[in-house]
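Here are my notebook entries from an afternoon with this model. Follow along on your own screen if you like.

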Amino acid sequence: MATLSAADSEKLKNLQSAVSQLPQISDNEKSGFINLVARYLSGEAEHVEWSKIQTPTDEVVVPYDTMAPVPEDLAETRKLLDKLVVLKLNGGLGTTMGCTGPKSVIEVRNGLTFLDLIVIQIETLNAKYGCNVPLLLMNSFNTHEDTQKIVEKYAASKIDIHTFNQSQFPRLVVEDFMPLPSKGISGKDGWYPPGHGDVFPALLNSGKLDALLAQGKEYVFVANSDNLGAIVDIKILNHLIQNKNEYCMEVTPKTLADVKGGTLISYEGKVQLLEIAQVPDEHVNEFKSIEKFKIFNTNNLWVNLNAIKRLVQADALKMEIIPNPKEVEGIKVLQLETAAGAAIKFFDRAIGSNVPRSRFLPVKATSDLLLVQSDLYTLSDGLVTRNTARKNPANPSIELGPEFKKVANFLSRFKSIPSIVELDSLKVSGDVWFGLGVTLKGKVTITAKPGVKLEIPDGAVIQDKEINGPEDI
């Protein structure tokens, strides 16, 4: 670590003494936080030397199709699955979609939530192979209490569910570099969860890692709870075990919608994640191009549990720090965060796997909800599968106005979700309401004039049209 200036050392010392007085967090959290701040102050953020970046080969980013097929023997497959744990990142709230509580309890389809679908998927897997794949949920202090109540409903399910919390760090006041909670800001506003890079120390600190190792578990499959495509893949698991890869990041080909996503590069002989924040300004357009950087990180990650233990204990996981400035009650604060994908460069024999796009189906907004609730997808055994009737490999692009931003408003504006199998793009703005059994095809734009309610009648079929009023339907 770079040495700190006298002023910064003083800052850190004062911060450490203030943090030691905070009764709300553990000693592990205190030292984790101070280490993170010390790394931040030492300015060890390495800038990537653009000329050293190389496109990874197929040995490093393995095409999914070239991985060996899954063993046909069920007993062999069961042996593989008994080494696996599934971990969903469950720290996020549904606030951007107008929901209170954890995002994972938003209903996705047929009245089932993200969490319901995940539980059904793993139950189906365990029943099929006679294995016992447990589910871990990493909560934040924002989602912990609600999640504890919610998982009670799965008590009778044939699946072991464990929850643990990621770290709780104090927000840093920019002006004097002191922890916000010691400024009399009480309650949750004083704190933040430090990003999903925290999954590795949190697994160890919670005691979950040792318990899993004692049960003979070897790999954890980590994914965002809102990625409906992140299902257990035996082929990837088999590949990692056969090739002794300690880490695998699933990547998939970029489309124009994914230009900001992190990509994998070969750098000084190692595979590593390159995020847009690390890219020098003069190369940002190049980074966004689909020609040079063809893949992006889905945040579906497979990691060896023994390797996590080794690296966390050695304090070796020094991922790039992402400074996230915020404002609380008029006070400028800083949150220092890390991402789990950036850890790839610290693991031995780490690889990427270039997987089908179907393994990346995130629901970040109501426009995504429209896709997965429509006839573009079907649901069985907790699995959301794309309708083969759609010939275009890309999904339609959907833009809904602010009237549709909250889930409740979105649902009330559709009597039923339109048929969109043949839709290319949809743009809706203003006070628009959809009747039953509407079909949308091609390029459709629907704009209600200010102050006018525009209703799309039951059974309407709209193809390649711009609609500004009832007379255009």
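**Entry 1**

I started with the contacts of Ser 157, taking contact as heavy atoms within 4.5 Å. Setting aside neighbours within four places in sequence, I found Ser 157 in contact with Val 119 and Glu 123. Before going on, I noted that this is a predicted model, in which local features need pLDDT of at least 70, side-chain atom pairs count only at pLDDT 80 or more, and totals for chains, interfaces and linings use all residues. I also noted that residues are numbered from 1 along each chain as its sequence is written, and that side-chain values use heavy atoms, with hydrogens and water left out.

Ser 157 sits in the loop between helix 5 (144–151) and strand 7 (161–165); helices (H or I, at least four residues) and strands (E, at least two) are DSSP runs numbered from the N terminus. Is Ser 157 buried or exposed? Its relative accessibility is 18%, so I wrote it down as buried; the scale is buried under 20% relative accessible area, exposed over 50%, partly exposed in between (1.4 Å probe, protein chains only).

Next I looked at what the side chain of Ser 157 meets. One of its polar atoms lies 2.5 Å from the backbone oxygen of Tyr 154.

Tyr 154 is in the loop between helix 5 and strand 7, and at 9% relative accessibility it counts as buried. With neighbours within four places in sequence left aside, Tyr 154 is in contact with Thr 113, Leu 115, Asp 116, Val 119 and Ile 161. I checked Val 119 in particular: from Tyr 154 it is 35 residues away in sequence and 8.1 Å away in space, C-alpha to C-alpha.

**Entry 2: salt bridges**

How many salt bridges does a search of the whole structure find? I got 23, with a salt bridge defined as a side-chain nitrogen of Lys or Arg within 4 Å of a carboxyl oxygen of Asp or Glu.

I looked up Lys 309 with Asp 210, whose side chains meet at 2.8 Å, N to O.

Then I turned to Asp 348 and Arg 310, which form a salt bridge at 3.6 Å, N to O. Asp 348 is in the loop between strand 18 (331–337) and strand 19 (351–354) and Arg 310 is in helix 10, a link between parts 38 residues apart. Asp 348 is partly exposed at 40%, as is Arg 310 at 38%.

My next pair was Lys 345 with Glu 320, at 2.9 Å, N to O. Lys 345 comes from the loop between strand 18 and strand 19, and Glu 320 from the loop between helix 10 and strand 17 (322–328), 25 residues apart. Both of these residues are buried. I also noted a network in which salt bridges with shared partners join Glu 49, Lys 52 and Glu 268.

**Entry 3: positive phi**

Asn 299 has a phi near 65 degrees, a positive value. Asn 299 lies in strand 16 (residues 295–304) and is buried, with a relative accessible area of 7%.

Arg 349 also has a positive phi, near 50 degrees. I found Arg 349 in the loop between strand 18 and strand 19, exposed at 54% relative accessible area.

**Entry 4: the cavity**

On a 1 Å grid over the protein atoms alone, a cavity is a set of points where a 1.4 Å probe fits but cannot get out, and lining residues have an atom within 4 Å of a point. The search of the whole structure finds one cavity of 30 Å³ or more. The largest cavity holds about 40 Å³ of space, the volume being the space filled by probe spheres set on the points, which are joined across faces, edges and corners.

Which residues line the largest cavity? They are Lys 88, Phe 114, Leu 117, Ile 118, Gln 121, Ser 225, Asn 227, Leu 228 and Ala 230. Helix 4 (residues 114–129) supplies the largest share of this lining, four residues.

Technical notes
1 Å grid on protein atoms, 1.4 Å probe; cavity = no way out; pocket = protein on both sides within 12 Å on 5 of 7 lines; lining within 4 Å. Polar contact = N/O pair within 3.5 Å; in protein donor to acceptor, adjacent residues only side chain to side chain.
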